[in-house]
Amino acid sequence: MSQDNSDPYHHLHDEAYAAPYAAGRVGAAHMITMAGRNALSLDGEWRFVLDLYDEGLRQGWFKDDAAPITNWTTPRDYDGGVWQSAPVPSCWNVLKPEWFYFEGSGWYAREFHMDSLSDTETYVLRFGAAQYEARIFLNNQFIGSHRGGSTPFFIDANKAIRAGENRLLVQVENRRRSERVPMHHTDWFNYGGLYRETALLALPRCHIADFGLHLSTEQGSHILHADVTLSDQSSGTALLDIPELGIKQEIAIQHGQGTLDLAATPQLWHPDHPKLYEVTLAFGTDRIRDRIGFRTIETRGEQILLNGKDIFLRGICVHEDDKQTGKATSEADIRRRFAHAKELGCNYLRLSHYPHHEKAAKIADEMGLLLWEEIPVYWAIEFDNPDTYADAENQLEELIRRDRNRASVIIWGVGNENEDTDNRLSFMARLADTAHRLDPSRLVSAACLINREKFAIEDRLAASLDVIGINEYFGWYEPSFDGLKKLLKNSAPGKPVLICETGADALSGRIGDEHTLFSEAHQVHVYRKQFAILATATYIRGITPWILYDFRTERRQTSIQQGWNLKGLIASDKTTKKQAFDVVAAYYASHKNL
Ligand code: GCB
């Protein structure tokens, strides 16, 4: 941003142009629980322009008025009028062929009207997600920024909002960078944009900022734990109401915080009977409502216990990716994904490799599917960079705060396939501790690599995890399955193990035999062998094959893959099943009661 208004060339030489916007960065501490809240949707067509050189930030486009070019006395590079249009939510990559590979800044602009402003309300803009960093400008003022591409964020609009017409400008920037989470190297497509819903909230000045409700078992009895955090230091009484359980309880709030423990005997939430209860919480004039399920999840030795009973997780990995819409999803898309998982016989999904749309966990609550949710601490991120850690931890906290009342979510994943170095160990152990501290009611895991020196399931991070996740591709990246047998024989993990990924590429319809790479027969062969060998290890308490649908990734450029990872059990049309689908379904049918 040019600070020297008298020098029209200053911005050409100012490479610290983005620095002023770091000051207004929001994160988990600014989140507001959304449960049942009304909001003014800002979705729809926005004006939009791509800004490859970051001129918008360099020149401070947001400061400009909307005067037509004919009234200008000095030239500008922005007039806000000749832009294209783009729908919010969407990913810019899929809107025009020439925008497909764009990595840089995109500017979104729109107006919204406020009939009047109320003295008793506070105004907050909410963004479902923006990939990767976003800076928000309202009525020519910078009002906040956020980094992390898959979690929601909240920007205080009070200092700039006004009665009448308001002009909102959002810069979204999606460059792949080594210090980000994820860093520049992944195996999925780097979509960009405001790709989840955007809204304006008008809330009572003192409102419920955070609310948690979960079940635990203490000495054989069930206890409900409620915690409430207000947006300020007010004291008073909140009212918790769960009519179907006959619960109407006051929660004393001191300096903005309150907790309550109470004995209860709810019908327990389970994939086979996903019972949800209507819950409301009121404080002053603020009132939120949610549908919450109650269940317990814990480990005992090498078992995972759901409501005290051993469970085998029959799972599948899923990305948030679509041929037409990219990373932007919809309720119908999520329901189709989950219906396919059910058809496969799943009771569980791994939502890889970043927080998926918040509707996913709500729909899983309803449909009865258990979930692993994770943050994109993927491959070789900068484990020695404290700022990268701060970013990762914030994403973790934002995810936990968003979804901690979802019964479906049983595991927080803190990373994927990271080399077992000292820096990685301290970085990820800290994340695991954070997850445990923020949410003692769930399990923490990570998708680890196998220890290739000892050829065993052994990772120093395991001490910080409740469940050890393992990605292995015997039969695909390494042709022989002998390594898998050896691995299982050499391992005594002492904790439950989940096979978080295994699989093989197959081009839908490609004919061949079990030795023909990329054929459906080969994919079938890999799954048959994998299942036969994995069944011999009793500590393996679940599997999530990689992956439900073929997905876009620029790493894969053979004449067969052409920019797609073909490990889906279903092709990228999300309709055509490959033969391996039935193999996984048959395996899960035989594991129904394990
Ligand atoms: C992995 C990664 C996943 C890749 C997959 C593959 O281990 O975790 O993101 O897409 O392998 O297909 O190689």
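The ligand is surrounded by 14 residues, the closest being D187, Y378, E417, Y477 and K567; a residue is near a molecule if one of its heavy atoms lies within 4 Å of it. The structure discussed here is a predicted model, in which local features need pLDDT of at least 70 and side-chain atom pairs count only at pLDDT 80 or more, while totals for chains, interfaces and linings use all residues. Residues are numbered from 1 along each chain as its sequence is written, and side-chain values use heavy atoms, with hydrogens and water left out.

The shell around the ligand comprises 5 nonpolar, 4 polar and 5 charged residues. In this grouping, Ala, Val, Leu, Ile, Met, Phe, Trp, Tyr, Cys and Pro are nonpolar, Asp, Glu, Lys and Arg are charged, and the others, Gly among them, are polar. A polar side-chain atom of D187 is found 2.5 Å from a ligand oxygen, one of R556 lies 3.0 Å from a ligand oxygen, and an N or O atom in the side chain of W546 is 3.1 Å from an oxygen atom of the ligand. The protein buries 97% of the 320 Å² that the ligand exposes when taken alone, with areas from the Shrake-Rupley method and a 1.4 Å probe.

N471 belongs to strand β26, residues 467-471. Because its relative accessibility is 5%, N471 counts as buried (under 20% relative accessible area, with a 1.4 Å probe and protein chains only).

Turning to the cysteines, a search of the whole structure finds 0 disulfides, a disulfide being a pair of cysteine sulfur atoms within 2.5 Å. For C317, the nearest cysteine sulfur is that of C500, 7.0 Å away. C317 is buried, with a relative accessible area of 0%, and C206 also counts as buried, at 18%.

As for the overall fold, the protein chain contains 9 helices and 30 strands, taken as DSSP runs (helices H or I, at least four residues; strands E, at least two) and numbered from the N terminus. Of its 594 residues, 61% count as buried. The C-alpha trace spans about 75 × 60 × 45 Å along its principal axes.

Terms used:
A polar contact is a pair of N or O atoms within 3.5 Å; within protein, one must be able to donate a hydrogen and the other to accept it, and residues adjacent in sequence count only if both atoms are side-chain atoms. Buried means under 20% relative accessible area, exposed over 50%, partly exposed in between (1.4 Å probe, protein chains only).
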